[in-house]
Amino acid sequence: MASSARSSGAAAALLRRRPNVCASCRTTQFLRPYSVAAEAQATAEAHHLKPTQSEPHVPFTVSRKAEYRIRSSIILSRAPLLTRPLTPFENAFFFYQKRLNERLTTEFRHSMFFKKDTAADLDWRIKLEERGGLVAKELGRYYAKGRNAWNDELLVGSTLSDENRIRETLLKDAEMRVTEDGEKAKPDEIVPVEKPQPRITESDKKNDVRKLDRKLDQTLYLVVQKASGEWQFPTDDMSTGENLHQSAQRVLDAAAGPNMNTWIVGRVPVAHHVVQPKFKEDTSLAAKGEKTFFLKGRIMAGQADVKENTLGYRDFKWLTKDELKELLPDPYFKSVRNMMADR
Amino acid sequence: MASRLPTALPRRPTTSTLSTFNTLAPQTTSSSIIPTLQQTQTRNATLIKRPKRPYTFTQVIQLSDGSTFTMRTCSPHSLYKSTKDTRNHVMWNPSEKSLKNIEVDEAGKLAAFRERYGRGWDAQAPEVQDGGEGAQAAAAGGAAGGKKDGKKDDKAAADASFENKFDSSYDPLGDLISQYAVGVPEDKGAKVAKPKKK
């Protein structure tokens, strides 16, 4: 209602510039600035009309049902396993908040946590002395109760707030500095703490796109290669006797094998892709169109295997959204991109 | 400490100043009421104590599968290694075989217990073991046929044997209850008889 009123208002504004248009035309009809032929072509394109048709059918979907095939497809994804790395700004912000917190909290009472003259107490004292009496482990030489407490901001280019440095500092601090005899350990007696695995795995280094332990902080999606070399999500025609989610499960089993623990998230498609039918000059059908409905699935365990698939797929890949953008045909990717998370 | 008013703040106007103001007020009749309202200001915000928070450290948490994250905690230890969490618990890893509780009965104690008290205490419905001829035949057929079909037959046979035993609805405590039910009437009679004697 509002939009039509606005457009008629815009039309009236256009017509007001032409004095030779009659009064009724001025209020009711909007004269398009482009030619009639161009307009007809635009309508035909918008409604996917056959060559001889000039305007869309009234019962549009009923009459043209036979020109499309309905297909079911599954977008199988692996959820990210790691949180994303923080940006330098986020690191610096958290570091600043920690220093600010130093000024506002109550002091650490170590007698509450360590019994006097125990190994843990001695260990704490050794580490505290090495830090110059500072209780905080990763905040640098910052005395929150001292004269220069106001000077809590880092200078540009300082690496103190770096995530990796903080983790290494904490792991270094976790080493036991007291021997079993209750004495201070010599440097060669200190057992280093085992380092956690890096975020970059072997598959990342090799860029092995068939492995699932690649790009741990992003979602991976399963795509398969047709015999023609084109990549797509596992897809097959629907039969009349099954529902969308049933046929998606069938497609998954047929394409990627049973060696997966998967979960189809819902029964409602998360995306759809339409390929328009092609017509000859005499309006007979040259090629059927396709309407593909995508369901969402998650892989929990296992691995895809296309060796014994019955849908004629040659190969498979686990790819991120960015990689899919490069690989998939543009209209196909545009239909499915909105169901994919950024990460 | 925090509740004390800072010395730099102006003090609350006393009644004496108000009264002096009121005595002066009649000179300007229009603004006589409004200034008194502005004069009586309160400073409730400065009376709220800053909450005392304990000192917090940054700690690295390592889950049982080796993944780590940092968090703020009161604990002065800089590394915490978890032994049981979602990464090695069977509820969150249903497909992990190594986490499943597999029964080990080398001494035969569990078998002896079952002989005496029945299978009602089992955590889950038992696998078929004494299915009889039907189950054996099914197992033999399964061995001869494909692996998958054999499994199916076995399961069917197990279901059948359960149906015979427990009349279609399998109750894990059923046999125990039925044993009690058999014994009860005799006891009851004895107990009822006793008070009569006394």
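Q: First off, what are the ipTM and pTM scores?
A: This is a predicted model, and it scores ipTM 0.74 and pTM 0.64.

Q: And what's the mean pLDDT of chain B?
A: Chain B averages 64, with 43% of its residues at 70 or more. Residues 13–32 of chain B are below 50, and that stretch has ten contacts beyond near neighbours in sequence. Residues 131–168 of chain B also stay under 50, with 32 contacts beyond four places in sequence.

Q: OK, over to chain A. Which way do S1(A) and S9(A) pair, parallel or antiparallel?
A: Parallel, over ten bridges. One pair there is Arg69(A) with Glu290(A) in S9(A).

Q: How many bridges join S1(A) to S2(A)?
A: Two, and those strands run antiparallel. Ser77(A) has Tyr221(A) in S2(A) as its bridge partner. S1(A) also pairs with S4(A), residues 235–237, in the antiparallel sense over three bridges. Over there, Ser73(A) sits opposite Thr235(A).

Q: What about the largest nonpolar core, which residues have the most contacts inside it?
A: Ile74(A), Tyr221(A), Leu222(A) and Val223(A), in a core of 26 residues. Strands S1 (68–78), S2 (220–225), S9 (289–302) and S10 (315–319) of chain A each give at least two residues to this core, and so does helix H9 (244–256).

Q: Which residues does Val223(A) touch?
A: Leaving out residues up to four places away in sequence, Val223(A) touches Trp231(A), Gln232(A), Phe233(A), Phe316(A), Lys317(A), Leu319(A), Leu324(A) and Leu327(A).

Q: Switching topic: how many residues does each chain put into the contact?
A: Chain A puts in 22 and chain B puts in 16. On the chain A side, helix H7 (163–173) and S9 each supply at least two residues. H7(A) gives the largest share, five residues. By type, that side of chain A divides into twelve nonpolar, five polar and five charged residues.

Q: Last one: where does Arg337(A) lie?
A: Arg337(A) is in the segment after helix H11 (330–336) of chain A.

Q: And why does Arg337(A) count as partly exposed?
A: Because Arg337(A) has 13 other C-beta atoms within 10 Å, and partly exposed covers the range between 12 or fewer (exposed) and 20 or more (buried). Also, Arg337(A) and Ala271(A) are 66 residues apart in sequence but 8.6 Å apart in space, C-alpha to C-alpha.

Note on methods
Residues numbered from 1 in each chain as written. Chains lettered and ligands numbered in written order. Predicted model: local features only at pLDDT ≥ 70, side-chain atom pairs only at ≥ 80, totals over all residues. Core = buried A, V, L, I, M, F, W, Y, C linked by C-beta atoms within 7 Å. Helix = DSSP H or I, 4+ residues; strand = E, 2+ residues; numbered from the N terminus. Contact = placed C-beta atoms within 7 Å. pLDDT = per-residue confidence, 0-100. Nonpolar A, V, L, I, M, F, W, Y, C, P; charged D, E, K, R; others polar. Pairing = 2+ DSSP bridges.
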